[in-house]
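Me: I would like to go through a structure that is new to me. Could we take it step by step?

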Amino acid sequence: MNCYEYKSHLSEFVDGDMPSHLRKEFLQHKSDCSDCEKTYQEFKKTVAALHGLKSKHVSPGFNNRLFARIKEENQANVWQKLQHVLPDMQIPRYMVAAVVIALIAVVSYNTIGDNSPAANQPVQRSVVPPPSLNIQQPVVADNDVQSETNVVSESDSRDTNRFVPPKNTRSYEGQIKYVNSE
Amino acid sequence: MNDFMDRYTDEELIARFQQGDEYAFEEIVNRFKDRLKNFVYRYLSSEEAAEDVVQDTFLRVYQKKHMYRNIAKFSTWIYTIAGNLAKTELRKRKRRKMYSLGDLGLEDKEYEIPSEDFAPEEGVEGEFTEQEIQNAIDQLSEKFKTVIILRDIQELSYDEVSNIVDVPVGTVKSRINRARLKLQEKLRHLRSSESEKASKS
C-alpha cells in the first residue's frame, strides 16, 4: 500500500468501516511511514473537532414567526387567485354586456312567441289540480349531491338560472326518486 | 392537544398533515427546526440567514406537502429542500460579496466568505476553535461542504447522505474522505499562518 492509497482509506479506518483484508496492509503502512502516521493523528483530530461543534438552536419565537408567515402567504395566495380570475376591470364589463344580451334575447323570444300563429289559437286551459294532490318532486339521492358549480356547465356559468345537465356525468335517470309531497 | 404526536414517526406525521392535521405539521416543525438550523448555519455561517432559510424550508413543506411520497424517508426530503435553499442563498451571497480568485490564490476556485457571527478567539493549543473550523468549512467547495456537514455534523448515515445529495454511497464515502483531508489541510494552513503572525508580532 502506498501513501496515496493509505490516505484514501483514512475515513474507513477512523469510522471503523475498514474491510478486514485491508486492515493489515493499512496498519503496516501506518507503522512504516511516519508522515502517514502524522496525517492519521491530524485526521483523527479534525474529525473529532467536527463532531464536537456546538449545535445551533433556533431563536425564541421561531414558531410564532413561522405560523404568522404561513398565514400571510395563504392570504396572499387567495388574493392572487382572485386576481387571476379577474385580471382587469374589463371582464366585469363583458359580463354585464353578456347578461344584457341574454336578457334582450329572452325578451325578444317571448315577444316573437306571443305574435306567432300558434300563440293566437284559443288556449285550452286544463284543470289545474289542487297543490296537495299528486305533485311529483324530484329528489336527488344523497350520494349524488353536487354543488351548483358542478351542475352548471362551463359555457353557461354566467346564467345561473338555467339548469344544464352536467357533461360526462352519469344520467340522473334512475337516480332521482319521485315522491309525493304532502 | 398534540402531546401524543411524539409517538408518530416522521412519515406518519407527514401523512397526517397531508390529510389536514395541522398539529402534525407543528410537531414536524418542533422535531426538525434545530437540526435544520444547525445544518444550514454550518453552510451559510450566518444565524439570521440560516433561520430565514429554515423558515422557507417549512413554508415549502407546508405548501407542497402533497409532493412528498413515502418512497424515501421524510428526513431525506426535508434536508434536500433545506440544502437546495441553502445553496441558492449561498450563491446569492457570493454574488453580492465577489472576490477575485487571483487575489485569494485558492485552489478549486473557492470563494471565501468571512463568518459574521463571532469574534476571533484564541485557540487552545493542539485543538481547533469553533471559528477556525467554521472558517475552514466555509472554504470548502459546495459538494465537500454538504457531505461533511451532513455526515460529521448532522451525523446522518452514509445511506441518508447518499439519498440527500443523490449520489451513490461509494461516491459519498470517497467525497467525505477527500473533504476531511481538505479540511485538515485548511486547518493546518490556518494554524501555520496564525503562528507566523504570532512570531512576527
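Reply: Chain A has eight helices and two strands. Please note that the model is a predicted one.

Me: In which pattern do they follow along the sequence of chain A?

Reply: The pattern of chain A, read along the sequence, is α-α-α-α-α-α-α-β-α-β.

Me: And how many residues of chain A count as buried?

Reply: The buried share is 7% of the 182 residues of chain A.

Me: What about contacts between residues at least 6 apart in the sequence of chain A?

Reply: Of those contacts in chain A, 57% join residues at least 24 apart.

Me: Let us turn to the two chains together. How many residues are in contact?

Reply: On the side of chain B there are 28 residues, and they are in contact with 25 residues of chain A. Helix 2 (22-44), helix 3 (47-63), helix 6 (130-138), helix 7 (142-153) and helix 9 (169-200) of chain B each give at least two residues to the side that touches chain A.

Me: Which helix of chain B supplies the largest share?

Reply: That is helix 9 of chain B, with nine residues. By class, the side of chain B that touches chain A comprises 14 nonpolar, four polar and ten charged residues.

Me: How do helix 4 of chain A and helix 7 of chain B pack?

Reply: Helix 4 (residues 34-51) of chain A packs with helix 7 of chain B at an angle of about 75°, and their axes are 9 Å apart. Helix 4 of chain A is therefore roughly perpendicular to helix 7 of chain B, because angles of 65 to 115 degrees count as such.

Me: Which residues meet there?

Reply: From helix 4 of chain A come A:Val47, A:Leu50 and A:His51, and they meet B:Ile148, B:Asp152 and B:Ile153 of helix 7 of chain B. By class, this contact has four nonpolar, one polar and one charged residues.

Me: A change of topic: what is the phi of B:Glu155, and where does the residue lie?

Reply: Phi of B:Glu155 is near 60°, a positive value in a residue other than glycine. B:Glu155 lies in the loop between helix 7 and helix 8 (158-165) of chain B.

Me: Is B:Glu155 buried or exposed?

Reply: B:Glu155 counts as exposed, because it has 11 C-beta neighbours inside 10 Å and the cut-off for exposed is 12 or fewer.

Me: And what of B:Asp166?

Reply: Phi of B:Asp166 is near 65°, also a positive value in a residue other than glycine. B:Asp166 sits in the loop between helix 8 and helix 9 of chain B, and B:Asp166 is exposed, with 8 other C-beta atoms within 10 Å.

Technical notes. Residues are numbered from 1 along each chain as its sequence is written. Chains are lettered from A and ligands numbered from 1 in the order in which they are written. This is a predicted model: local features need pLDDT of at least 70, side-chain atom pairs count only at pLDDT 80 or more; totals for chains, interfaces and linings use all residues. Helices (H or I, at least four residues) and strands (E, at least two) are DSSP runs, numbered from the N terminus. A residue is buried if 20 or more other C-beta atoms lie within 10 Å of its own, exposed if 12 or fewer, and partly exposed in between; C-beta atoms are placed from the backbone. Two residues are in contact if their C-beta atoms, placed from the backbone, lie within 7 Å. Ala, Val, Leu, Ile, Met, Phe, Trp, Tyr, Cys and Pro count as nonpolar, Asp, Glu, Lys and Arg as charged, and the others, Gly among them, as polar. Axes are lines fitted to C-alpha atoms, for helices over the stretch in contact, and angles run from 0 to 180 degrees between N-to-C directions. Angles under 35 degrees count as roughly parallel, over 145 as roughly antiparallel, 65 to 115 as roughly perpendicular and the rest as oblique.
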